[in-house]
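Please examine the sequence and the three-dimensional model below. The paragraphs that follow lead through them step by step.

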Amino acid sequence: MHSARRTTTVWPWWLPGVSPTLTSLSHFLSLEPGASRESVNIATLEAALDLTGADMGNTQFHDPAAGGLRIGSQFGFGTPFLRHFEIVASDEASVCGQALLKGAPMLVRDILRDPLIAGGPSLGVLLDAGVRGVYSTPLLDRWGTLQGMLSVHRREPVADPVADHELLWPLAQRAAWLLHHAS
């Protein structure tokens, strides 16, 4: 597993007079087929964090031998979180597990109000990590093959449930394509 680092956060980037210098997005867009899986995971996470302004995040890659998703890169998490979510199966009561099960993006605006999380074993781990809101989107290539998962986490409940999806969907599609063609 590799740690991402925040490069430049210019948020909100749509404000007049703000000139975004999202070097992480530029780096992500400059990746070409054949880039290493490690570099794709890190660049994807850094761009996702900068685009959304999320506090923490991780990428996971699909590991059929382990029976689920394995963390590939992360930013902002400590050892308890990383151990708990080291491998996530589709039957796990977690946001990324449900996104894996459904093959579609999943949003939990507030983990304290979500019946799946609030009553499950992940709640304490998420709260200890400072997480209140989570958005996970599968990285599906153009043939629908799961390449991995991208998740962004917020310290506060998610205020705008549409923004993360609109910003991350095209990023996730490109990331899946790059992972499909990774070396």
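Leaving aside neighbours within four places in sequence, which residues is Val-131 in contact with? With contact meaning heavy atoms within 4.5 Å, Val-131 meets Met-56, Phe-77, Ile-111, Leu-126, His-153 and Arg-154. The model is predicted, so local features need pLDDT of at least 70 and side-chain atom pairs count only at pLDDT 80 or more, while totals for chains, interfaces and linings use all residues. Residues are numbered from 1 along each chain as its sequence is written, and side-chain values use heavy atoms, with hydrogens and water left out.

Val-131 also belongs to the largest nonpolar core, which has 24 residues. Such a core is a set of buried Ala, Val, Leu, Ile, Met, Phe, Trp, Tyr and Cys residues joined through side-chain atoms within 4.5 Å; buried means under 20% relative accessible area, exposed over 50%, and partly exposed in between, with a 1.4 Å probe and protein chains only. The members that touch the most others are Leu-69, Phe-77, Phe-81, Phe-85, Ile-111, Leu-126 and Val-131. At least two residues each come from β3 (68-75), α3 (79-84), α4 (95-102), β5, α6 (122-128) and β7, and α4 gives the most, with four. Helices (H or I, at least four residues) and strands (E, at least two) are DSSP runs, numbered from the N terminus. Another core, of 22 residues, lies apart from this one and includes Val-40, Ala-48, Leu-171 and Leu-179.

Aromatic rings come next. A search of the whole structure finds two aromatic pairs, where rings of Phe, Tyr and Trp (its six-membered ring) pair if their centres lie within 6.5 Å, and planes under 30 degrees apart count as stacked, over 60 as edge-to-face and the rest as tilted. Phe-77 and Phe-81 are stacked, at 3.7 Å centre to centre with 5 degrees between the planes. Phe-81 and Phe-85 form a tilted pair, with 4.7 Å between centres and 45 degrees between planes. Phe-81 counts as buried because its relative accessibility is 4%, and Phe-85 is buried at 5%.

The strands may be followed from β6 (residues 133-140), of whose eight residues seven are buried. Two strands pair if DSSP finds at least two bridges between them. Strand β5 (residues 106-108) runs antiparallel to β6 and is joined to it by three bridges, with Met-106 partnered by Ser-136. On β7 (residues 146-154), β6 pairs in the antiparallel sense over eight bridges, and Leu-139 stands opposite Gly-148. β6 and β7 form a hairpin with five residues between them, and Gly-144 in the turn has a positive phi of about 85 degrees.

Charged side chains complete the picture. The structure holds five salt bridges, each a side-chain nitrogen of Lys or Arg within 4 Å of a carboxyl oxygen of Asp or Glu. One of them joins Arg-154 and Asp-164 at 2.6 Å, N to O. Arg-154 lies in β7 and Asp-164 in helix α7 (residues 163-180), so the pair ties together parts that are ten residues apart in sequence. Both Arg-154 and Asp-164 are buried. Elsewhere, salt bridges with shared partners join Asp-63, Arg-70 and Glu-86 into one network. Within it, the closest N and O atoms of Arg-70 and Asp-63 are 2.9 Å apart.
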